[in-house]
Amino acid sequence: MSHETERARGRETAPDGERAEEERARVAEFRRRVGLTHLIDVHTHFMPQRVLTKVWAYFDAAGPLVGRPWPIAYRADEERRLEVLRAFGVRAFTSMLYPHKPGMARWLNDWAADFAARTPDCLHTATFFAEPSALDDVRRALGQGARVFKCHIQVGGFDPNDPLLEKVWGLLAESGVPVVTHCGSGPVPAAHTGPGPIAVLLAGHPRLRLVVAHLGMPEYTEFLDLAERHERVMLDTTMAFTGFTESVAPFPRSELPRLAELGDRVLLGTDFPNIPYGYAEALEALERTGLGTAWLRAVCHDNAARLFGL
């Protein structure tokens, strides 16, 4: 049976046996070269299975926000996915989840609160949508112990500067809780993606601890500009520098010195399990930047450990 047929039937496609052992060895060897016993991954996805199944189906169909074939490398049940991350030496990770319409955020947050309670190495993650209940939803999630939020402007299709979110951003800025935000126009632009709306947002909320997902792909330069102007803005490395991404949205090599200078504000992210290549590739791609082991140690562990007080 082909991999495509397996995916169509929803069967597991996560590496197993020799492939899994080889990949664990590659990740362990990366950690050895860099000098880390563990990793912290701030951009991983855990969500209710019925939601995740729909997300996987969207990727399988190469939907409009994907735009190209995108096989899921770690299609497995929840327990298996947790085992895989832990075997890679990931000591802390997130459960990034996001609503695509009103009325979803609160029940997603309730699920995430339960997941964090039964998964001690998960950084309790929450989300919100531009809707009248947004402020109450965020207050409730913070009260439940949320330590990081996900805001997916591309999938949500809302303007981050929607008046419904004004007090949400103010509350999050005051709390200091980071918000991982998919705001770049990759893999394809949406109505409110790009650096423009985020520049307006940060002008109004300069203390917001915003984490720009995917290094702002493909508007890398513009999001580096924003990070340099706003000391609390960070970036995550999700999918950056991998062959899959470089083929369509290469990171400008002329910007590597700026990324090096921001080394204390760059965080490891991978998009696990929804990546079309192995976890080791995400790490080795960072190594290929040539930014050095001190930068890699900060990015792959130390910066996030400091941010979350681990």
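Q: Which residue just after helix 4 takes a positive phi?

A: In this predicted model, look at Gly-89, where phi is about 85 degrees.

Q: Which residues of helix 4 are buried, and how should I read such a list?

A: Start with the general idea: an α-helix has 3.6 residues a turn, so residues three or four places apart point the same way. Now to the case here. Helix 4 spans residues 78-87, and its buried residues are Glu-78, Arg-80, Arg-81, Leu-82, Val-84 and Leu-85.

Q: What do the buried residues of helix 4 pack against?

A: Their partners include three helices that you can find by number: helix 2 (17-34), helix 3 (49-60) and helix 5 (105-118). Helix 13 (279-287) and strand 2 (90-94) also pack against them.

Q: Is Met-47 buried or exposed?

A: The cut-off for buried is under 20% relative accessible area. Met-47 has 3%, so this residue is buried. You will find Met-47 in the loop between strand 1 (39-41) and helix 3. Leaving aside residues up to four places away in sequence, Met-47 touches Leu-52, Val-55, Met-96, Leu-97, Tyr-98 and Trp-111.

Q: How far apart are the C-alpha atoms of Met-47 and Glu-78?

A: They are separated by 9.0 Å, with the two residues 31 apart along the chain.

Q: In what order do the six strands form the open sheet?

A: In general, strands of a sheet pair through backbone hydrogen bonds, either parallel or antiparallel. Here the order is 4-5-6-7-8-9, with parallel pairing. Strand 4 (125-127) and strand 9 (266-267) are the edges, each pairing on one side only.

Q: How many bridges join strand 4 to strand 5?

A: Three bridges join these parallel strands, strand 5 being residues 148-152. For Thr-125, the bridge partner in strand 5 is Val-148.

Conventions:
Residues are numbered from 1 along each chain as its sequence is written. This is a predicted model: local features need pLDDT of at least 70, side-chain atom pairs count only at pLDDT 80 or more; totals for chains, interfaces and linings use all residues. Side-chain values use heavy atoms; hydrogens and water are left out. Buried means under 20% relative accessible area, exposed over 50%, partly exposed in between (1.4 Å probe, protein chains only). Helices (H or I, at least four residues) and strands (E, at least two) are DSSP runs, numbered from the N terminus. Contact means heavy atoms within 4.5 Å. Two strands pair if DSSP finds at least two bridges between them.
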